[in-house]
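Biologist: Could you load the model so that we can go through it together?
Modeller: Here it comes.

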Amino acid sequence: MILTHVSRRPIRRRPFCFANVCSYTQEMAVTVAEALHGRASSLVLAKDRLLPVTVALAAVLPFAGLERGSTVVVDAHETCGATSLTLEMLAGPSIAGYWGAVAGCPELGLAAAAERGIDLARLLLVPSLGPQDRWAQVVASLFDAVDTVLYVPPPSVRPSDARRLAARARDRGAVQLVLDRDRRWPGPSDLRCTVTESQWTGLSRGHGLLSERHFEVEVSGRGAAARPRRSPLQLSA
Amino acid sequence: MTERESRTLVVWCPDWPVVAAGLAQVPSAVIRANRVVACSPSARAEGVRRHQRRREAESACPDLKLVKEDPAQEVRAFEHVVSAVAQFTPRVEVTRPGMCSLPVRGPARYFGGERSFANRLAHVLNDLLQELRGPPCRIGIADTPFAARLAAHVPSGEIVLAGSTAAWLADLPVSALGEPELAELLVRLGIRRLGEFAELDEGVVAGRFGSRGVRAHRLARGLDDHALALCEPPPDLTVARELDSPVDQVDTVAFVATGIAEELIGRLVPGGLACTRLLVEASTEHGEELSRWWRADRPFTARAMVDRVRWQLEGWLAAPVDAPSAGITLVRLTAGEVVPDKGRQLGLFGGPVEADQRVERGIARIQGLLGHAAVGTAVLAGGRGPGEQTIFVPWGDPREEPEGVRHPWPGRLPAPAPAVVPVVPVVVSLVGRAGETVGVTGRGQCTVAPEWLLEPPGRQRVVGWAGPWPADERWWDPTGHRRRARLQVLLEDGSAHLLVLEGGRWGIEATYD
C-alpha cells in the first residue's frame with residue numbers, strides 16, 4: 001500500500017542518462033522513507049506505550065500493563081489494601097528499570113516497597129507536597145522527571161487541578177498513580193482499580209504469621225476497561 | 001650531580017588531619033578503616049601511634065577523642081595555608097592536605113636568600129596555624145622534592161645546601177624511600193643506607209628491581225623522579241553582576257545569569273577544574289537577599305548553572321512569605337567545591353546511580369520550589385521497627401548504605417513489611433476477655449490473650465494475633481535505651497496492624513494496608 005502511494009506521485013520525464021537514474025532512485029528512496037515515517041508514527045499502538053507490570057497484576061489490568069500517559073486511581077471499597085495494590089503497580093516498572101516517584105505520602109512503608117521489588121535507588125521521594133498553591137506544580141515536575149508518579153492528593157484538590165494534571169501526565173507520557181484512600185479524586189481517570197475484598201491468611205490466635213493476601217480487584221475505566229471487571233489477585237509475602 | 005638547577009621548598013604542617021578537625025590541643029586521633037592515620041601531640045605523648053588499631057590507641061590513651069577521616073574538610077582547611085603561601089609565590093603545588101611545595105629559587109632571590117625566605121614564610125604560616133591551634137609548620141629546602149620532604153621532617157626543618165643533596169641523603173636509612181617492600185629487601189641484601197643504594201649501577205638496579213627500583217634509585221641519588229607540575233592557584237571563583245535597573249522578570253535575570261555562568265566556567269576550564277557545588281545569591285533593590293547552595297552529582301555546565309538560578313528565583317518570587325518586594329539588582333555565583341574535570345562519565349554496571357538529565361532537571365526544579373532537602377531517595381538501614389529500616393537521603397548527598405544493614409536483627413518481624421507506617425503511632429489499648437490490659441512478661445509472653453482493640457471512637461475484636469517480638473534496644477546507652485514489644489494483630493474487619501507496647505502503652509506502629 002505504501003508503494004502504490006509512492007507510484008502515484010508524478011514522475012518528471014527526463015532524458016535518460018546515468019546521473020538522472022541515480023537522482024531519480026534517490027528521490028524515490030526519500031519518498032519511501034517519508035511515507036514509511038508517516039505510517040510508522042501514526043501506527044503507535046497502545047501496547048507499545050505500556051510499562052510492564054508484575055505477573056500477578058498482568059491478569060488484572062486490561063492491557064496487562066500500565067499505559068503511558070494514563071491516570072490510574074487506586075482505592076478500596078469498604079475494606080483495606082489500596083496501598084499494597086499501588087506498591088504492586090509501582091513494582092513492575094521499577095523492576096524493568098524505569099524511574100518512579102512517591103509524593104505527599106510520608107507514611108508509605110518503604111521496607112514494604114523494597115520487598116515488592118522496587119529499587120529504592122530509582123524511587124524519588126517527596127515526603128511533603130509543600131504549600132497549598134504549589135503541590136500541583138511539584139507533581140507536574142515529577143511527570144517531567146520520571147515514568148511513574150504515585151501520590152496522595154491533598155484533601156482540598158480541585159477538579160480543575162486534577163484535570164490539568166491528568167492532561168500533563170498524558171502529554172509527558174508518565175503514569176499518574178493516584179492513591180485515593182478516601183475516594184474523592186475529582187478528576188478524570190483512565191482506570192480505576194478498587195479493592196473490593198481483602199483477606200489475609202496465615203495468622204491465627206497466638207501463632208502463625210501474616211503470609212498471603214487474597215484480593216478481589218474491580219477494574220473500571222475507559223476503552224477496553226469500560227465494562228467493570230472483577231478479578232482475584234494474590235500477593236504473597 | 002643535579003640534572004637541572006632547581007631548588008624545592010616543602011612546607012609540612014604536622015598532624016594536619018587533627019588540626020583540620022580542630023582537635024590539635026586535646027588528645028585525639030583521626031581514624032580510617034579502624035586504624036589511626038594521625039594523632040595530636042598530646043595523644044602521641046601517651047603512646048598513640050599511626051597505623052595503630054583503634055582499640056590499641058584507646059587503651060594507650062583512655063580519654064582519646066576519635067574522629068573519622070574527612071579528606072574534604074582537610075582540603076578545605078588547608079586552603080587557608082595554601083593561600084597564605086600563594087601570597088609569596090603563585091607557583092604552589094599541594095602534595096596532600098598538610099603538605100605543599102614550591103620552587104624556591106625565584107622567591108629566595110627576591111627575599112634575600114633561602115634562609116630569610118624560609119623564616120618569613122614560617123613566621124606567616126605559624127601565625128595562621130596558631131589561630132587554627134595547630135603545631136608550628138616545618139620547612140625543608142633541597143634540590144629535589146623528595147629530599148626537601150625529608151628535610152622538612154627533620155625537627156624544626158633543614159636547608160640542604162645546593163649540590164649536597166645526595167651527600168645529605170646518603171646517611172638516611174633506606175626505609176626513607178617510602179617503599180616498605182623494597183626497603184625490606186634492600187636491608188636483607190645488606191644495603192641499609194641510601195648512600196649504599198645510590199652507589200649501585202643503575203642498569204643493575206633496573207634488572208633486579210624494575211621501574212619502581214629505578215625511581216627509588218634516582219631519588220636516592222638526589223635526582224628528580226618527575227618535574228614539579230606547576231599550576232596557578234585557582235582564580236577567584238566568584239562572579240557577580242550588578243543590574244543597571246532592577247529586574248523583576250525571571251527570564252531577564254536568567255539571561256544575565258547566562259553570561260555570569262559562562263564567565264565562571266571560563267575561569268574554571270583553563271585550570272582543568274569543574275564545579276560540583278554552587279552558591280547562587282541574589283539581592284533586591286530593598287536589600288533583601290536570598291542565597292542557596294546547589295550541589296550536583298555531576299559537574300555543573302553553564303546551562304545547568306543558569307537553570308539553578310532560574311529555579312531558585314522562580315521559587316523565591318512565588319514564595320507565600322518573604323517574597324522579594326522589589327526588583328533584583330545583583331546576581332552572584334560562587335563555585336563552592338571544585339574537582340578536576342574528568343569529563344562526563346556515565347555509570348555502567350554497579351556504578352553509582354547516575355540519573356539521566358531528565359530526572360536531574362525535574363529534581364532541581366522541585367528543589368527550587370520546596371528546598372534542597374525536599375527530594376531524595378531512601379536507603380535500607382538496619383533496625384527492628386518498620387520505620388527504622390529505611391533512611392531518607394536528600395538528593396545530591398552521598399547515598400551510602402549505613403552499617404549493619406546485612407546484620408541479623410533479632411526481634412525484627414519477618415516479611416511482609418507493613419505498607420503504611422504512620423509518622424506518629426496511633427495510641428490504642430489492647431485488652432483481654434475480661435477487659436484487663438494485655439501486658440508482656442519479662443520472658444516475652446503475653447499476660448492474657450488479646451481480645452479487643454479499643455481505638456477511641458469504637459472497638460474491634462481481635463481474630464488473630466502473633467508475637468510478641470520483644471526488642472531491648474541500646475541497653476548500654478542510658479539516653480537511647482528503649483524496651484519495646486511488637487504484636488501482629490488481625491481484626492474482624494480484615495485489617496492487620498503491627499502494634500507496639502512501650503512504657504505500658506499500646507500504639508499502632510504500622511498497618512498492613
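**A strand in chain A**

Modeller: In strand 7 of chain A, Val175(A) is the bridge partner of Thr148(A), where strands are DSSP runs of E, at least two residues long, and helices are runs of H or I, at least four, numbered from the N terminus. This is a predicted model, in which local features need pLDDT of at least 70 and side-chain atom pairs count only at pLDDT 80 or more, while totals for chains, interfaces and linings use all residues. Residues are numbered from 1 along each chain as its sequence is written, and chains are lettered from A and ligands numbered from 1 in the order in which they are written.

Biologist: How many bridges join strand 6 of chain A to strand 7 of chain A?

Modeller: Four bridges join them, and the two run parallel; strands pair if DSSP finds at least two bridges between them.

Biologist: And is strand 7 of chain A buried or exposed?

Modeller: Five of the five residues in strand 7 (residues 175–179) of chain A are buried, so the strand is largely enclosed by the rest of the structure; buried means that 20 or more other C-beta atoms, placed from the backbone, lie within 10 Å of a residue's own, with exposed at 12 or fewer and partly exposed in between. Val175(A), Leu177(A) and Leu179(A) lie on one side, and Gln176(A) and Val178(A) on the other.

Biologist: Switching to chain B, which strands close into a barrel?

Modeller: Six strands of chain B do, in the order 14-15-16-17-18-19, with antiparallel pairing.

Biologist: What stands opposite Arg483(B) in strand 17 of chain B?

Modeller: Asp472(B) does, and nine bridges join strand 16 (residues 458–473) of chain B to strand 17 (residues 482–491) of chain B.
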